[in-house]
Amino acid sequence: MLWSIPVGRFGATEVKIHITFLLLLAWIAFSAWGQGGAAAALDSTLFIVLIFACVVLHEFGHILAARRYGIHTPTVTLLPIGGVASMERLPTNPRQELVVALAGPAVNLVIGLVLVLALGTLRPAELTQIDNPNLSLLGRLAAANIFLAAFNLIPAFPMDGGRVLHALLAMRLGGPLATEIAARIGQAFALGLGFLGLFGNPLLIFIAIFVYIAAAGEAQMSASQQALKGLTVGEAMETRFTPIGIDATLSEAVDALLATAQHEFPVVDAFKKPVGLLTREDILSAVKSHGGEEPASAFMRSGVESVRPAQGVETVFERLQDPKSAALYVTDADNAIVGLLTRQALAEVILIRSVRPDWRFGRRA
Ligand SMILES: [Zn+2]
């Protein structure tokens with residue numbers, strides 16, 4: 001994320017702070033100073049820093065649980081609205097999804113309970129009084145952690161509770177139906193929250209809009225997956241495409257870009273085996289600072305995955321959702337390229353299936 005400052009690294013995960021978070025701190029210190037002088041400014045700032053430290057620990061709850069299942073998280077970024085962990089992928093197994101989702105709120109619950117036990121004097125009623133200035137700093141921190149655990153368990157995307165609900169439903173109903181039901185419940189919760197917000201808490205309205213949009217996104221995703229059900233890669237792939245030879249020049253790649261409507265060009269060897277992928281963006285950025293006689297293969301990206309024509313599209317759909325993967329190669333038994341599976345091709349298949357769910361595509365492999 002732009003404007004993020006790295007502050008440290010834990011295991012394989014880099015912790016970053018977004019500049020807006022520092023602005024939030026400055027604003028809180030400034031407004032507390034205005035009301036209660038230097039002591040109040042220090043107290044308020046320290047409190048917010050401690051809360052966000054707990055938010056980072058919450059994210060590491062998710063990160064460490066995900067790591068147990070082989071999912072890595074390169075960065076976690078602290079924003080004024082909370083922490084964002086950039087996991088490589090979400091667990092697809094419902095049991096793993098449940099464990100990863102619960103691990104975050106569990107961290108806050110543990111911190112809250114440890115603080116309550118350590119302080120010993122906290123009354124249960126005080127745990128709802130985060131903004132009570134008569135409460136000690138640690139007392140308020142305990143209250144904040146219990147609030148964080150409860151808030152994150154609201155059963156609506158993108159809250160952890162939404163994931164918990166989805167995992168529990170998926171164990172009984174299977175993925176697509178679980179996503180649809182969880183998304184509906186999330187939207188209902190969002191409407192309820194927004195309604196409550198009308199009675200005096202504008203922050204709730206803001207959160208409600210956020211939750212509603214996220215739930216709608218999940219529902220959309222589920223509808224797409226539903227539309228692709230039963231289709232093979234061979235039916236959805238692009239078959240008319242121009243490959244670029246491994247010994248082609250940048251100039252020839254530019255010619256191919258102009259001659260076709262294609263945005264992704266597989267680079268192939270003499271046996272039609274794909275060795276890399278050149279996207280429109282790759283070609284444009286190469287042209288900026290290189291001559292036309294340079295080899296086009298110097299600018300290709302590697303690590304693009306191959307799939308087989310007979311594979312179900314559903315099983316490879318997830319891999320194309322990553323914005324960094326522009327396309328997948330479709331290869332035959334000799335590893336020669338026979339097609340290209342792009343996001344654009346999938347979007348068209350989804351479009352046709354959404355107006356004619358029973359439409360059969362020609363088997364092309
Ligand atoms: Zn969480």
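Start by selecting leucine 64: with 16 C-beta neighbours inside 10 Å, leucine 64 counts as partly exposed. On this scale a residue is buried if 20 or more other C-beta atoms lie within 10 Å of its own, exposed if 12 or fewer, and partly exposed in between, with C-beta atoms placed from the backbone. Leucine 64 sits in helix H1.

The model is predicted: local features need pLDDT of at least 70, side-chain atom pairs count only at pLDDT 80 or more, and totals for chains, interfaces and linings use all residues. Residues are numbered from 1 along each chain as its sequence is written. Helices (H or I, at least four residues) and strands (E, at least two) are DSSP runs, numbered from the N terminus.

**Colour by domain**

Colour three ranges: domain 1 (1-153), domain 2 (155-227) and domain 3 (233-355). These bounds come from an automatic or database domain assignment. Between domain 2 and domain 3, the C-alpha centres lie 35 Å apart.

Select S1 to S4. They form an open sheet of 4 strands in the order S1-S2-S3-S4, and the pairing is mixed. Two strands count as paired if DSSP finds at least two bridges between them. At the edges are strand S1 (4-10) and strand S4 (82-85), each pairing on one side only. On average, neighbouring strands here are turned by 25 degrees against each other, direction ignored. Zoom in on S3 and S4, which pair antiparallel over 4 bridges. Threonine 77 has valine 84 in S4 as its bridge partner.

**The largest core**

Next, show Ala156, Phe157, Ala190, Val211 and Ala215. Of the 46 residues in the largest nonpolar core, these touch the most other members. Such a core is a set of buried Ala, Val, Leu, Ile, Met, Phe, Trp, Tyr and Cys residues joined through C-beta atoms within 7 Å. Elements giving two or more residues to this core include helix H1 (19-68), strand S3 (75-79) and helix H2 (94-119). H2 gives the most, with 10 residues. Domain 1 and domain 2 both give residues to the core, so it lies between them.

Centre on valine 211. Beyond residues up to four places away in sequence, valine 211 touches Ala156, Phe157, Gly186, Phe189, Ala190 and Leu193. Contact here requires C-beta atoms, placed from the backbone, within 7 Å.

Apart from this core lies another, of 29 residues, among them Ala253, Met300, Val330 and Leu341.

Select leucine 278, in strand S7. Leucine 278 is buried, with 27 other C-beta atoms within 10 Å. Leaving aside neighbours within four places in sequence, its contacts are Ile244, Ala253, Phe265, Val267, Ile283, Ala296, Phe299 and Met300.

Move to S6. 4 of its 5 residues are buried. S5 and S6 run parallel, joined by 2 bridges. Isoleucine 244 is bridged to valine 267 in S6. S6 and S7 pair antiparallel over 5 bridges. Look there for proline 266, whose partner in S7 is leucine 277. S6 and S7 form a hairpin with 5 residues between them, and lysine 272 in the turn has a positive phi of about 65 degrees.

**Helix H8**

Which residues of helix H8 (residues 250-259) are buried? Leu250, Ala253, Ala256 and Leu257 are. Look down the axis of H8: its buried residues fall within an arc of 115 degrees, so they line one face of the helix. The arc is that of the directions from the helix axis to the C-beta atoms. Turned away from the buried side are the exposed residues Leu258 and Ala259. The cover over the buried residues includes strand S5 (244-245), strand S6 (264-268), strand S7 (274-279) and helix H9 (280-289).

**Last stop: S8, S9 and S10**

These 3 strands form an open sheet in the order S8-S9-S10, with mixed pairing. Strand S8 (306-307) and strand S10 (337-342) stand at the edges with a single partner strand each, so one side of each is left without a neighbour in the sheet. Strand S9 (residues 327-331) and S10 run antiparallel, joined by 5 bridges. Valine 330 has glycine 339 in S10 as its bridge partner.

Finish with helix H10 (residues 313-321), which lies across S8, S9 and S10 at about 145 degrees to S9. Axes are lines fitted to C-alpha atoms, for helices over the stretch in contact, and angles run from 0 to 180 degrees between N-to-C directions.

Terms used. Two residues are in contact if their C-beta atoms, placed from the backbone, lie within 7 Å.
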